[in-house]
Amino acid sequence: MPIITTLDVEMAKNKISLTDLAEEVGITQANLSILKTGKAKAIRFTTLEAICEALDCQPGDILKYEPE
Amino acid sequence: MELTGKTSAAGYLSKILTIVIALMVIFLLAGIGLEIYSIITGDTATLFERVSFNFNGLRFNVLNSPEGNVNISAQFKILAASYLLLIIYLTANLRQIFRNLREGMLFYHPNAGHMRRIGVTVIIIGVVSSLLEMSSAWMLYDYLLAQGVDVDVMFELDVVTLFIGVVILLFASIFQKAADIAEEQNLTI
């Protein structure tokens, strides 16, 4: 898929675990894992907003476009 | 009562269908066993003293024919066994759908697959049941001919069953699309 997530990089920078981030964002650990592993097909703006707030970053920091 | 879920109608129906499938399999195996026994022992006596057939909306009861009982032809036996196998296969697929519904999996790709298989099976059943009726009519034909009654045997395709099969295939494709949408929804974070 051309859109890849670099969520793990931002999580490492912030030294936050998957469990803590999921709790802060308000989604399940399973769903966050789906996003982190690149299996997600879409992301809601509300979720993106919550992640950016939790990790103090921009959407472009966690989403990248790499053409196939 | 809920339609889907653990204690739902789907749950009870799947259990009922399990019993129905088991009974049909036992019946089929008993028939095959009896046939093998007949072949080995050379005993060609028919199972029933009285045989009845449906043909073109009429029901014929054959009692005490001059030659003895009406012999069930090999063609009829093969068609009847095929018909029963198809019904078992259809019921097994239906049972699997109910089991998935019991687990709350409604718009689920395997359900669309099962429904597609049911649709194809119903179409084949439509053809086999028509052949079965014609085969039973041919058995009756010889008996009536011996009685001096002249009848015509015609092949009549069960169009209604074929149509139902096509409709089921249509619903299967709708369920496939619904499963695609549900999967996309599930993978939207």
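Colleague: Over which residues of chain B does pLDDT stay under 50, with ten contacts beyond four places in sequence?

Modeller: Residues 46-50 of chain B. This is a predicted model. The model gives that stretch ten contacts beyond four places in sequence, while its pLDDT stays under 50. Residues 63-69 of chain B are also below 50. That stretch has ten contacts in the model beyond near neighbours in sequence.

Colleague: What ipTM and pTM does the complex get?

Modeller: The predictor gives an ipTM of 0.80 and a pTM of 0.76.

Colleague: New topic. How many helices and strands does chain B have?

Modeller: Four helices and two strands. Starting at the N terminus, the order is α-β-β-α-α-α.

Colleague: How much of chain B counts as buried?

Modeller: Chain B has 189 residues, and 35% of them count as buried.

Colleague: What about contacts in chain B with a separation of 6 or more?

Modeller: Of those, 74% are between residues 24 or more positions apart.

Colleague: Let's do salt bridges. How many over all chains?

Modeller: Three in the whole structure. One joins E35(B) and K77(B), with N to O at 3.0 Å. E35(B) sits in helix α1 of chain B, residues 9-41, and K77(B) sits in helix α2, residues 74-102. The two residues are 42 apart in sequence, so the pair ties together separate parts of the chain.

Colleague: Which salt bridge involves E103(B)?

Modeller: The one with R102(B), at 3.5 Å from N to O. E103(B) is partly exposed, with a relative accessible area of 40%.

Colleague: And which residue does K13(A) pair with?

Modeller: E10(A). The closest N and O atoms are 3.3 Å apart. Both residues lie in helix α1 of chain A, residues 7-14. They are three residues apart there, so about one helical turn separates them.

Colleague: Why does K13(A) count as exposed?

Modeller: Because its relative accessibility is 60%, and exposed means over 50%.

Colleague: What about E10(A), buried or exposed?

Modeller: Buried. E10(A) has 6% relative accessibility, and the cut-off for buried is under 20%.

Colleague: Now the interface. How many residues of chain B are in contact with chain A?

Modeller: Six residues of chain B, in contact with eleven residues of chain A.

Colleague: Which residues in chain B lose the most area to chain A?

Modeller: L187(B), T188(B) and I189(B). Together they make up 83% of what the chain B side buries.

Colleague: What kinds of residues touch chain A from the chain B side?

Modeller: Two nonpolar, two polar and two charged.

Colleague: How much area do the two chains bury between them?

Modeller: About 770 Å². Of that, 62% is on carbon and sulfur atoms. The area lost when parts come together is often how the size of an interface is given.

Colleague: How many salt bridges are there across the interface of chain B and chain A?

Modeller: Zero, by the rule used. Polar contacts do turn up there: six residue pairs, with both residues at pLDDT 80 or more.

Conventions. Residues numbered from 1 in each chain as written. Chains lettered and ligands numbered in written order. Predicted model: local features only at pLDDT ≥ 70, side-chain atom pairs only at ≥ 80, totals over all residues. Heavy atoms only, no water. Contact = heavy atoms within 4.5 Å. Buried area = accessible area lost by both parts, 1.4 Å probe. Salt bridge = Lys/Arg side-chain N within 4 Å of Asp/Glu carboxyl O. Polar contact = N/O pair within 3.5 Å; in protein donor to acceptor, adjacent residues only side chain to side chain. Nonpolar A, V, L, I, M, F, W, Y, C, P; charged D, E, K, R; others polar. Buried < 20%, exposed > 50% of the residue type's maximum accessible area, 1.4 Å probe, protein only. pLDDT = per-residue confidence, 0-100.
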